[in-house]
Each structure stands twice: as C-alpha cells, then as structure tokens.
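Take a moment with the sequence and the model. Then follow the paragraphs below, one chain at a time, and end where the chains meet.

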Amino acid sequence: MASEVGVQSDVTMTGGVGARTLHLKLLRKQWQILALQIVATVALIAMYLEVVSTYVVGSIDHTMLFDSIELIIGDQLPLGDWLTGEGREGLGRFFVPLVLGLTIGGGMAFLAFQSPQTQQRIKLGFIITMIVMLVGRLIISWLTGMLFSFDLRLPSDSELQTLQWPLLMIMSLVILFIYLLPVIMGTRGIWGLSRRSIAWAIGFTLIFLGIHAILTFPLIKGQLGSYGAQFATLESQVSNPTIGLFGFKLVTQEQFNLIAIAILIMVFQESSYGVIRYLEYAYRLPESCKRDPEYVRQMDNLLNGHLRHTIGFLGLTAIATMVALGFHSVLLELVSNTTGSQWAGQVSESIELTLTYGLVISALMFLSLMAVMRFFIPWQRVWGLIQSRLPSNETAQDTGKEFAQIDI
Amino acid sequence: MWTRKASFTFTGGISLILIGMMISNHQMMILGFAFVAFIVVNSWISGHGDVEVQRKLSADNLYKGDDLYVELLITNRSNRKTQLLEVYDNIPHEMKLRSGLNQMQLNLRPGESARIRYVLRCPLRGHYSIGPVSLRARNTFNLGVEEMYVDHHSDIVIFPQIKDIEEAFLRSRTPKMYTGATTLRTPGQGSEFYSLREYVPGDPFKNINWKAYARTGELMVNEKCRDAVTDLYILLDSRDVARIGTVLKNPLEMSCVSSASLAAFFIQRRDSVALAIYGDGLSYLPPDTGDKQYFKLLSALAGVTPKGNMPLQAVTNSLSGRFSRGSPVFIISSCEGDGTVPAAVRDLVGRGHEVTVLSPSSIDFERLVSRIPRMSYEVLKLERQNRLTTLAGSGAQVIDWMPDMDLSQALMQVRGY
C-alpha cells in the first residue's frame, strides 16, 4: 500500500555544526578508524619485534651482516652505527632501524595521498638524487679532470674510487630495507590503505618463518655446517609449561612467544584490512548516502563491532590456542587429581606425548571439541543474553521526517 | 557457510600443523593451531538473529518517467546484535536508482531499526514487483557468510505516459461526434430523470422512489436518461513486429502512450472508451467512462507486451458487432506485416465508423537501432507511403507518426489526408 514516505535524511540539513558524514576526509579522522589503524600499527611493531627477538637477534641480524661486510672491505660502511644499531645489544639493535622503517612507510603512505603530479615529481626527484649520489662525484671529477688536462680519457682509478662510497651506501640501505620490509610495507599498507602492501608485509614474514623453519630442519642445518649453527632453533621437545590460566600451566614461555607472533599477525591483518574494507564501502556510497545519518550511525556500529571483535575474538583465539597446546597436561592433571593413580604421571613422562604428534593430537582434539560445542551450547542465545545485560547507549531512534525538502 | 578466506585459513592452518609436525617446527605448528582456533572461535557466532523488514512506497501506481520513493525499515527483533548484515532490496532491472541506495551494511543492536530510503525512476511502463529483500550476514572477520531472503514484495503498476492532445484538432474534423456528454431519450446510466418503472431484484436501493411506493404500494424505481457519450474504440496493435526499435522508443511504446492519452482525453470529456489489444490474442475492454474505466485502461496498457501475429481483420470481424453505430475507431498500428489492414479498414468505414489510423513509422524506429542503406530506406519508406495512401483511399484518416514527433503534432497531420 502506498503511504507517506520520507525522503532521505541529510546531516547537512539536520545535524548543524560538526555534522558527520561518510566522506573519506572526515571518516579517516574518526576515532574508530584511527583506533583500528593504531591497533594494526602496534600489532605490526610488536609482531616484528617478537619475530626479530625470537629468530634474528644475535643469529642473523643486520648488524652482524654489516660487521662481516666491514671486515671484508676493511672499512666502515657509510651508514652510521647509531642508525644501524651496531654496537648495541639484543633488541636495541632494531630500535632505530624500526623508527626509520616506520618513517619510510609513513612517508610512502603520505605520498600515496598526494596528487599524481606531486607523486611523479617526488619520485623523479628521488631517482635523480640517487643517480647524482651514485655517479655525481665521478662525473664531476672525471669531466673537470679531462677539461683541465685537455685530454679525452677513461676515468682513472682515483676517480673510480669515488663510486665506492655511494655503492656501499646503496648496498647498506638495500640490506636495511630488506630487514625492515615488513615494517615499511605494513606501515604503508595501514596508513596508505594498500591491501597489496599489507599482503607483502604478512607474506614476507610468513616466508621468512617458512625459510627459517626449513633451514633449521636438522638435516638441512647439518648440511649448512658453521653457517647453520648461526640459526636460532626451537627445541622440538616441550619443556615444563610455566604460563597458564585458572591454575593450569598450559604453555612454555617459548610457546607463548610463538602464539604471540601468530596472534599479532592476525590482529595486524584483521585491523588493517578492516579499515580498508570499511573505507572502501563508504567511498562507494553515493553522495546522498554519505550524508544520511542512518548510514553514519550504522558505520559507527560496524566500526565499534569490529573493534570489539578484534579485541574479544582474537583474545579468545589466543586463549584457545594456549589451552589447545596445553590440553594434554590439563587432561592428565584432571585425571591425576580425580583418580590419584600414577597412570597420569607415567603418561605425562612418556616420549610420545612430549614429542610433537602427542601434542598435536591432543590440541586438535580440543579444537574439535570446541567446534562441536557450538551445536550443543546456544552461543547465540548466550551472547544475546550477555548483550542484553550490558548497559545500552542506544541513540535516539529516528522518528518521522527530519526535514522538509531536499533538492535531489 | 565458510567464505574463501575461512577455507584458506583453515587449509593453511592444517597444512602448517602437518608441515610443522614433519619438520618438528613449533612455530609452524603453533601458527597453524592459531589459524584453526581462529576459525573455531569465530564459528561460534553466526547468523543475524530475528530481523523484520517493512517496505513503504510513495505510490502504488505511477506514470512512466515518474519517481518512486521507497523506504525500507529494518528492525532487529532479537536480543543480540545482527553482526555485519548487508541488506539489499531487489529492484526490477527496468527501474533506475535516482537518489540514495537500495543497500546498506549494518550492525543493529537489539531492538534497533535502520531506514534505507531511496528514489527510483520508472522509465518503462509495466507491472513490477519490488523485492524480495536479500540479507547477507557476515562474520566481522568475513569468515562465515549466510545468505537469505525476506519474501517481502511490493507490487507497483507503471502506467504509460499521458500526453496533452489538442482538443481543437479533434473537434475540427468531427465536430458532432466529439461534443461530450448530452442526454439521450433512452434509459441508461446518467443524471437526468427518464421515467418510473417497477422494481426488479438487483436494482440499487438508492434508486427506489419512496414517494411513489407510498402512493402506489409497490416498489418503484427512478430510471435515468442515458448520457450521450461518444463510444470511442481503440484498437491497439501489440504484435511482435511492434517491438522494433529501442527499449524506450518503439512502435508499441508510442502506441501505448497514444492510447492512454486518447483515453484520458475522451474520458475527461465523459465519453466512453473501449480498448482492444491484439497480438498473441485479443483482449477487449468494453466501453465505459469514469475513473474506474480509466484505471482499467491504464492497467491494461501497462501490461501490454509485444507478441503474436494476429491480423487486424480477425479483430474487426469479431468485434465489429459490438461497436456502437457510427462511433469513431482508432487503429493504432504500424501496419507492418499485416495484409488485412486495408480490408479491415474498408469494412469498418463501410459500417459507418469514423476510422483513424495512427501509424508509428516502424522503418524509422528500425533506423534507431540498425543502419539501413539509404536506397533500401527510400524503397521501404515508399512502400509504407503507398500502404498508408491505400488506407486513406479506403476512407480512413491516416497519420504517419515519426519517432521524434510529439503526439499532438502527429495528430495534426490528419488534415493532410
């Protein structure tokens, strides 16, 4: 049946001063978007530091590579030690390069929002600077040398020596860039809204973990000889757990660090992709919808939901992984406590359990149990009950027409 | 249902666990466990709860080219949030969004409502249905997706456009036939008193003359004089050949516009209008006047589709007996592919009808969509001219209607024949 239908609302006509719209310019400054971007950046930094501290520092870090190069060339590399982190200990070697990586990534993100003309100019300026830095001194000294001696000749050895510094500089920068690739690309992806860059950051980290895993495989590590000994390896046998929940010791510190890496990868991925997904949606909306308070309100709901889920569900994922990894000890402890028999103690000391497949079977059993539980426990209702008990900050419902007329 | 992302995450997780086991690498295993745990934890909450959808339209009937305002109210009736819910209102592909959007991503709190308002332009006549409403519930991390429909439809009829017709022209040719309502000395529906007669079951009570009943003791009813209205007969060609041209500009569309405009013009003058649509079969709406008849005519015209190949003579043979004597007949046809048109026209003229043939030029419509060589066009045009001249020779008024010509302008041509 036909009835009175209100025209689309418009914040510019109803909202007054400071009315929010879904234009990217405003949306990018919205606190939820900024919060998601900050969460993603923190996760990226934490993930990088965690990976680096677990696998790289003291075994294959960039300062060791720089030291080796300096030993080979018998000279200092052009990059200052304060920048590369040489001479510092532990994770401190990565602090300044990390800031450098964040700055470069941020700069690239900033560049992505400039006009194509400005981008082209900056890129051109960078290329020219690099070329001048590389061959500038050589060309100037060579040409002036030929000019003053009125002689057409090839560059002399002393003139070719001028290439050494720029080449070493570029090489140092390239090495540093490779080490910082996840941070640079990740920062560019988060703040420059680039899916590809985020994929690069995650992909590079996973590839690194994969290559490291292959190289530390005992058979391959043995073949690598003294080079293989450099790699930081994780023990295949699990030591006694020290970290846990509700009185149950579930995982070791080493396992906890590895769980942290996995969870941080997911936090980084979900937050950064989430921002891009919501901004893309807002960008595609027609102009009238961007100004419609209904769409603005729902965008708030979506972003709030995403923030809550990022914290809640990824926290639960971390706990579930921890419990899964320590499930065998939980089961054995339960059996031991309830029956008081020695069977549990004997099993817990068995080689089958401490080796990987015992752990994997028990962990997969726990995860399967959790997956099946959704058919027995009405999570939806439980969730609804919790939500209905939570204090509600409902916004006033839209009642009737909000304004008289709008030019369409 | 799992999304591609969920499938990849799960497969990747299991693969990492297996590879990790093979090479005794804890990092890979733990990464794999984390991926699988991520899927498991997120699978606990799916769906969108109980969502109620209501649609309001600004009108049930519109004229072609008008705007339709639509409002969709989505309410979360459950006790939990809907999560990421995409709502998409299915609109007929013939309609175009003019303002707003027929979809929204939302996350409704318990009891919360959201309104989607949009404006549709209706460029094509017809009977349409808006709906159903598609719902797609997604997990926040896009790991699970559920698609469903809310079977909520809103029907709408888009009438053909009504064009202004120059009254002066129609009068000039047949001044007596189109003079509007005058009373006739015959019983029928009208406003003036004709006579008293005895009540027969089925007569409306409001027609009972109570004074006469009191006087005679028998139920008597007032009989009215029939208003002299012109019975106009419109014969609309909706054969398959009428689809030549573009979607918006083709002989059938123009025929519908002209039929609706003529009907509107004559009904406004309290004349009676009948409509016969022939194509696949014959659909006949007997002559009548008033708003109800007008609505019936427009509804019938809204649903006309080009199909079939019924000859005009078959129509006139079956209907001519029902035509009021001397009433005007409008034949709206491109006269293509129907050799019976001259004979049918001759027959109608012979029966004393004032026949007007309004013929949209199908060759010119065809030129809108395909390139016709100049020579072929000239020949086809000549053939068409000959055909129309034959019809004019049979005693009909013939109007050659070009695609870019206004209806009132086209009707002016009748003086030329």
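What percentage of the 417 residues in chain B is made up of buried residues? The figure is 41%. Keep in mind that this is a predicted model.

Chain B carries 11 helices and 20 strands. How do its overall dimensions look? The C-alpha trace spans about 105 × 80 × 35 Å along the principal axes. The radius of gyration of chain B is 32 Å, whereas a compact globule of 417 residues would have one near 22 Å. Take the contacts in chain B with a separation of 6 or more: 72% of them come from residues 24 or more positions apart.

Now look at some of the strands. Strand E11 of chain B covers residues 154-159. Which strand of chain B pairs with E11(B) in the parallel sense? Strand E2 of chain B, residues 61-63, does so, over three bridges. Within this pairing, B:Leu62 stands opposite B:Ile158. Strand E8 of chain B, residues 126-130, also joins E11(B). Here the strands run antiparallel, and five bridges link them. B:Ser129 of chain B faces its counterpart in E11(B), B:Asp155. E11(B) therefore has a parallel pairing with E2 and an antiparallel one with E8, given that two strands pair if at least two bridges are found between them. In a regular strand, side chains alternate between the two faces of the sheet.

Turn to chain A. Chain A has 20 helices and two strands. Of its 408 residues, 29% count as buried. Among contacts in chain A with a separation of 6 or more, residues 24 or more positions apart account for 70%.

Definitions and conventions: Residues numbered from 1 in each chain as written. Chains lettered and ligands numbered in written order. Helix = DSSP H or I, 4+ residues; strand = E, 2+ residues; numbered from the N terminus. Rg over C-alpha atoms; globule rule 2.2 N^0.38 Å. Buried ≥ 20, exposed ≤ 12 C-beta atoms within 10 Å, placed from the backbone. Contact = placed C-beta atoms within 7 Å.
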